[in-house]
Amino acid sequence: MQDDIIHVDEDVKEAIRRLPENLYNDRVFRIKKALDLTMRQQILPKEQCMKYEENKFYLEPYLKEVIWERKEREEWAKKPCDGNVCMQLTSRFFPKLGGQLLPCTIGEYGGAA
């Protein structure tokens with residue numbers, strides 16, 4: 001699985017955090033198995049090796065969503081706040097707010113001070 005060896009940055013950490021429990025547990029098992037074999041200087045038996053056709057990019061949909069959300073937040077941060085109601089706080093990014101919009105002051109969220 002190529003997603004097991006992807007370079008881990010903040011986006012990847014968040015995508016891994018969002019994985020369903022079964023996918024997360026499978027990932028951890030494969031990584032631990034690889035580390036164990038490395039420490040014992042052994043190679044995975046051929047019958048246990050995954051065929052290229054069986055390779056699944058299980059992390060990709062979660063990673064795409066995380067990257068999309070980060071870019072959207074960055075775009076919102078670039079927009080100036082007009083001082084009335086700051087539309088940057090959405091229920092998508094702050095679900096505990098229940099979709100309510102919060103008032104903000106000019107410049108507080110990336111606008112001109």
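**Exercise 1. Is Asp36 buried, partly exposed or exposed, and what is its relative accessible area?**

Solution. The model is a predicted one, in which local features need pLDDT of at least 70 and side-chain atom pairs count only at pLDDT 80 or more, while totals for chains, interfaces and linings use all residues. Residues are numbered from 1 along each chain as its sequence is written, and side-chain values use heavy atoms, with hydrogens and water left out.

Step 1: take the cut-offs, by which buried means under 20% relative accessible area, exposed over 50% and partly exposed in between (1.4 Å probe, protein chains only). Step 2: Asp36 has a relative accessible area of 31%, so it is partly exposed. Step 3: the side chain of Asp36 meets that of Arg40 in a salt bridge, at 2.6 Å from N to O, and Arg40, at 44% relative accessibility, is likewise partly exposed. A salt bridge here is a side-chain nitrogen of Lys or Arg within 4 Å of a carboxyl oxygen of Asp or Glu.

**Exercise 2. Describe the setting of Gln41.**

Solution. Step 1: Gln41 is placed in the loop between helix H2 (21-39) and helix H3 (60-78); helices (H or I, at least four residues) and strands (E, at least two) are DSSP runs, numbered from the N terminus. Step 2: although Gln41 is not a glycine, its phi is positive, at about 55°. Step 3: Gln41 counts as exposed because its relative accessibility is 74%.

**Exercise 3. Check the length of H3 and find which way its residues face.**

Solution. Step 1: the expected span of a helix is 1.5 Å times one less than its number of residues, so the 19 residues of H3 should span 27 Å, and this agrees with the 27 Å between its end C-alpha atoms. Step 2: Leu63, Val66 and Glu69 are buried in H3. Step 3: seen down the axis of H3, the buried residues fall within an arc of 130°, so they line one face of the helix, the arc being that of the directions from the helix axis to the C-beta atoms. Step 4: these buried residues pack against helix H1 (10-18), whereas the face turned away from the buried side carries the exposed residues Lys64 and Lys78.

**Exercise 4. Name the residues of the largest nonpolar core.**

Solution. Step 1: a nonpolar core is a set of buried Ala, Val, Leu, Ile, Met, Phe, Trp, Tyr and Cys residues joined through side-chain atoms within 4.5 Å. Step 2: the largest one has eight residues, namely Val12, Ala15, Ile16, Leu19, Tyr58, Leu59, Leu63 and Val66. Step 3: H1 and H3 are the elements that give two or more residues to this core, and H1 gives the most, with three.

Methods: Contact = heavy atoms within 4.5 Å.
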